[in-house]
Amino acid sequence: MKLTRLLALTLLPFLLSACDLVVLSPAGDVAWQQRDLVIIATVLMLLIIIPVMVLIALFAWRYRAGNTKATYTPDWDHSTHLELVIWAAPLLIIICLGAVTWMYTHLLDPYRPLDRIARGQPVAAEVEPLEVQVAALDWKWLFIYPEYGIATVNEMAAPVDRPIRFRLTSTSVMNSFYVPALAGQIYAMPGMETTLHGVINRPGEYDGFSANYSGDGFSGMRFTFHGVDHDGFDQWVARVKEAGGGLDRFAYLELAKPSENEKPRHYASVDEQLFRLIRDRCAEPGRMCMDEMMAIDAEGGLGLAGLRLLQPLEEGRPSALTALFGRRSVDVASICTPEEAAASEAVSWSASLVPQVDPAPLVGAGLPRPAPISSAAPAMSVRQPFGI
């Protein structure tokens with residue numbers, strides 16, 4: 001048994017040598033600073049952990065039952081000097097940890113534009129960040145380069161020493177974008193946009209993946225990040241454009257269907273509004289975008305023109321598109337004030353008449369003023385509200 005343990009301990013360093021410790025040896029300045037924070041925090045904590053572990057072994061050995069030379073003081077209960085050491089040392093370390101964490105939290109804020117590309121190398125005033133729009137699909141990554149009008153799936157590239165600005169969203173569930181060699185992970189969420197800034201300082205091929213479980217195809221949701229020089233990046237863009245094909249909203253709807261272990265693919269052109277349509281959940285024709293909904297709400301509500309949100313009748317019933325669950329059958333309430341609704345004695349679709357009202361207070365943002373309701377128009381009463 002002792003020989004087996006000795007052999008295992010001997011082989012352990014060789015087994016660990018095969019590990020790719022990319023977090024401790026990254027290729028990007030942001031990830032390098034994050035590595036420094038990990039090391040600093042670990043060393044500060046070890047200043048307490050190591051002495052405690054040593055003292056545990058020392059006390060167990062010194063005060064073992066067989067040691068008759070150890071001082072036996074069963075009534076001892078207090079030492080001011082010992083109390084100062086026990087409480088002061090951890091307190092100082094916690095203060096140091098808090099100060100370092102606070103500093104790095106603001107310095108490495110993912111939304112903060114980079115002011116340097118490496119230690120001692122500030123970002124030149126004329127350099128513009130490379131914008132990459134990222135969408136987490138089921139189960140693949142879509143990358144859009146608006147500056148070059150191209151898009152790729154499960155593959156991306158960036159020039160060395162040029163700041164990168166990622167704009168991220170998701171199509172269905174929350175995901176996490178992570179390239180360990182480049183920068184820390186950040187979440188991509190449906191209906192929202194997050195931002196990550198980073199820079200790659202060393203050419204090479206690096207792994208990127210989803211760090212948040214998102215369903216059946218999660219394990220295959222990986223991509224390759226190419227760090228190349230500026231000439232190499234131009235050549236990579238040219239190869240993508242040579243692939244042909246375009247990614248408009250209809251091609252995107254086909255791409256967005258769940259699939260697993262997708263191979264990289266390229267699109268020579270892309271709809272310049274596609275990322276906004278994905279983020280605002282309105283890539284499907286006929287669906288109102290979330291930013292439009294919020295603009296309408298900011299102006300006081302949907303108003304009469306809000307009927308545009310409704311879709312044509314489906315199997316004899318009206319329906320509406322909700323943000324997450326698609327079509328839902330709905331009977332629409334009359335879009336008037338509560339007092340007017342009570343006065344109209346809302347009944348069936350084809351019965352009661354609605355009195356003519358002034359629609360001015362109900363006009364939504366960016367929508368044309370609707371015509372006054374005719375006195376012969378049928379009222380629409382609530383039968384089954386929809387929502388999520």
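Are C282 and C289 buried or exposed?

Analyst: Both cysteines, C282 and C289, are buried. This is read from a predicted model, so the description below concerns the model as computed, and it begins with this pair of residues.

C282 and C289 are joined by a disulfide, with an S to S distance of 1.9 Å. A disulfide is a covalent bond between the sulfur atoms of two cysteines. The angle about the S-S bond is 85 degrees, and the link between C282 and C289 is right-handed. A search of the whole structure finds 1 disulfide. For another cysteine, C96, the relative accessibility is 37%. C96 therefore counts as partly exposed, because that value lies between the limits of 20% and 50%.

The wider chain gives the setting for this pair. The protein chain has 388 residues, of which 36% count as buried. The chain contains 8 helices and 18 strands. Among contacts with a separation of 6 or more, 66% are between residues 24 or more positions apart.

Some of the strands form an open sheet. It has 6 strands in the order β10-β7-β3-β4-β5-β14, and the pairing is mixed. Strands β10 (194-198) and β14 (265-267) stand at the edges; each has a single partner strand, so one side of each is left without a neighbour in the sheet. From one strand to the next, the twist averages 20 degrees. Within the sheet, β3 (residues 130-137) and β4 run antiparallel and are joined by 5 bridges. Helix α4 (residues 230-242) lies across β3, β4, β5 (150-153) and β14, and it runs at about 85 degrees to β5.

Confidence must also be considered when reading the model. The average pLDDT of the protein chain is 79, and 71% of the residues score at least 70. Confidence is highest in strand β4 (residues 140-145), with a mean of 96, and lowest in strand β16 (residues 310-314), with a mean of 46. Over residues 308-313 the pLDDT stays under 50, and the model has 14 contacts for them beyond four places in sequence. Residues 373-388 also have a pLDDT below 50; this stretch has 46 contacts in the model beyond near neighbours in sequence.

Note on methods. Residues are numbered from 1 along each chain as its sequence is written. This is a predicted model: local features need pLDDT of at least 70, side-chain atom pairs count only at pLDDT 80 or more; totals for chains, interfaces and linings use all residues. Side-chain values use heavy atoms; hydrogens and water are left out. A disulfide is a pair of cysteine sulfur atoms within 2.5 Å. Buried means under 20% relative accessible area, exposed over 50%, partly exposed in between (1.4 Å probe, protein chains only). pLDDT is the predictor's confidence in each residue, from 0 to 100. Helices (H or I, at least four residues) and strands (E, at least two) are DSSP runs, numbered from the N terminus. Contact means heavy atoms within 4.5 Å. Two strands pair if DSSP finds at least two bridges between them. Axes are lines fitted to C-alpha atoms, for helices over the stretch in contact, and angles run from 0 to 180 degrees between N-to-C directions.
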